[in-house]
Amino acid sequence: MHRLWVIGRTCGELSKFWADIFMSDERPKALISMQALTSAQQSEASDWAQRLGMPLDVDSEYALQLGPEGLQLVELGPQAPGPVRVDFVEGAAAHRRLFGGGSGQMIAKAVGVQPGVRPRVLDATAGLGRDAFVLASLGCPMTLIERQPLIAALLEDGLARAAKSPEVAPIAAQMQLLKGNAIELMKNWQGEPPQVIYLDPMFPHRDKSALVKKEMRLFRPFVGDDLDAPTLLQAALALATHRVVVKRPRKAPIIEGAKPGYALEGKSSRYDIYPKKKLA
Ligand SMILES: C[S@@+](CC[C@H](N)C(=O)[O-])C[C@H]1O[C@@H](n2cnc3c(N)ncnc32)[C@H](O)[C@@H]1O
């Protein structure tokens, strides 16, 4: 078949043809591809690939895999850490929901949770939805925005699985996910504005726990340092009716721009609070 193809080709086409054959091992890999882990999930995986504009089953450095436990992002290769998925039902999220200190947690105080007060919160930097889940499990109606399509996909899948768990479904029902850039979405907000806007943009030196290190390693190629955080803060201050809360690593500088009214400091994080109106 090769011989037939060779007849009548130009020099340039021929050298590319042979280069493709002999150098196929050296061709750069795709950054990421979609994979189904079971044959029953092939068609759903192909739908995800199409939605995310991602190749299906090609040689790649990372894979978005659809398996029996849902959607997961994994680095491929011998030294790679394990996969990351959004799991609101078991593991760390379940532990924190059951034993995490409830409304006494610093994040709850930061957004203004008090007896009889459960503010409507917009988490404009949703990430894997951990902070939003904590607030939703305390009874705050949450809107989440995530702009990185890969992370938004993991979150969407985690929320869909949570909705099937009798224990966690009522919490997932309090979490509405919007995909896109929060700066634009906040500037063009329709309907009732959120009382509190919560921001946790990426910061280069975050806490060094093993889990965070693994996630940082995985997400680095896909998410930058959120250098537009000052514009995000400005848009949040213009929209929130009661307060804006910014989570930072404890020693990090404030986001450039308006100064917070006060801060709550924890072991590794700090919450900068920009009050507008008393929550009651
Ligand atoms: C540090 S992570 C947030 C982690 C999150 N608080 C959690 O508990 O999982 C920051 C996330 O914000 C997202 N992000 C940053 N700026 C954004 C913007 N303007 N609009 C939407 N998402 C944004 C990034 O893509 C990233 O996923």
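Visitor: In which sense do strand E4 (residues 121–123) and E5 pair, parallel or antiparallel?
Guide: Strands (E, at least two residues) and helices (H or I, at least four) are DSSP runs numbered from the N terminus. Two strands pair if DSSP finds at least two bridges between them. E4 and E5 are joined over three bridges, with Leu122 opposite Thr143 in E5. The sense of this pairing is parallel.

Visitor: What kind of model is this?
Guide: Residues are numbered from 1 along each chain as its sequence is written. Local features need pLDDT of at least 70, side-chain atom pairs count only at pLDDT 80 or more, and totals for chains, interfaces and linings use all residues, since the model is predicted.

Visitor: How many of the five residues of E5 are buried?
Guide: A residue is buried if 20 or more other C-beta atoms lie within 10 Å of its own, exposed if 12 or fewer, and partly exposed in between, with C-beta atoms placed from the backbone. E5 is largely enclosed by the rest of the structure, because its buried residues number four.

Visitor: Which helices and which strand each supply at least two residues of the shell around the ligand?
Guide: A residue is near a molecule or strand if its C-beta atom, placed from the backbone, lies within 6 Å of it. Of the 21 residues around the ligand, Thr125, Gly127, Arg130, Arg147 and Ala182 come nearest. The elements asked for are helix H6 (130–137), helix H9 (182–187) and strand E5 (142–146).

Visitor: How many residues of the shell around the ligand are charged?
Guide: Asp, Glu, Lys and Arg count as charged, Ala, Val, Leu, Ile, Met, Phe, Trp, Tyr, Cys and Pro as nonpolar, and the others, Gly among them, as polar. The shell holds 10 nonpolar and five polar residues, and its charged residues number six.

Visitor: How many of the eight residues of H6 are buried?
Guide: Asp131, Ala132, Phe133, Val134, Leu135, Ala136 and Ser137 are buried in H6. The helix is mostly covered, and its buried count is seven.

Visitor: Which residue just after H6 takes a positive phi?
Guide: The angle is about 105 degrees. The residue is Gly139.

Visitor: Which strand runs antiparallel to E8?
Guide: E8 (residues 243–249) has six buried residues among its seven, so the rest of the structure largely encloses this strand. Strand E7 (residues 196–199) runs parallel to E8 over four bridges, and Val196 has Arg243 as its bridge partner. Another seven bridges join E8 to the antiparallel strand (residues 269–275), where Pro249 stands opposite Ser269. That antiparallel strand is E10.

Visitor: Which residues does Val111 touch, not counting residues up to four places away in sequence?
Guide: Two residues are in contact if their C-beta atoms, placed from the backbone, lie within 7 Å. On that count Val111 touches Pro119, Val121, Leu135, Cys140, Val196, Tyr198 and Val245.

Visitor: Which strand forms a hairpin with E2?
Guide: E2 (residues 60–67) runs parallel to strand E1 (residues 30–36) over six bridges, with Ala36 opposite Leu66. E2 also has six bridges to an antiparallel strand (residues 70–75), in which Glu75 stands opposite Tyr62. The hairpin passes through two residues, and the strand joined to E2 is E3.

Visitor: How far apart are the C-alpha atoms of Met34 and Met54?
Guide: Met34 is found in strand E1 and counts as buried because it has 24 C-beta neighbours inside 10 Å. Met34 touches Met54, and also Ala45, Trp48, Ala49, Leu56 and Leu64. Along the chain Met34 and Met54 are 20 residues apart, while their C-alpha atoms are separated by 6.5 Å.

Visitor: Is Asp57 buried or partly exposed?
Guide: Asp57 lies in the loop between helix H3 (42–52) and E2, and has a positive phi of about 55 degrees although it is not a glycine. Most residues other than glycine have a negative phi. With 14 other C-beta atoms within 10 Å, Asp57 is partly exposed.
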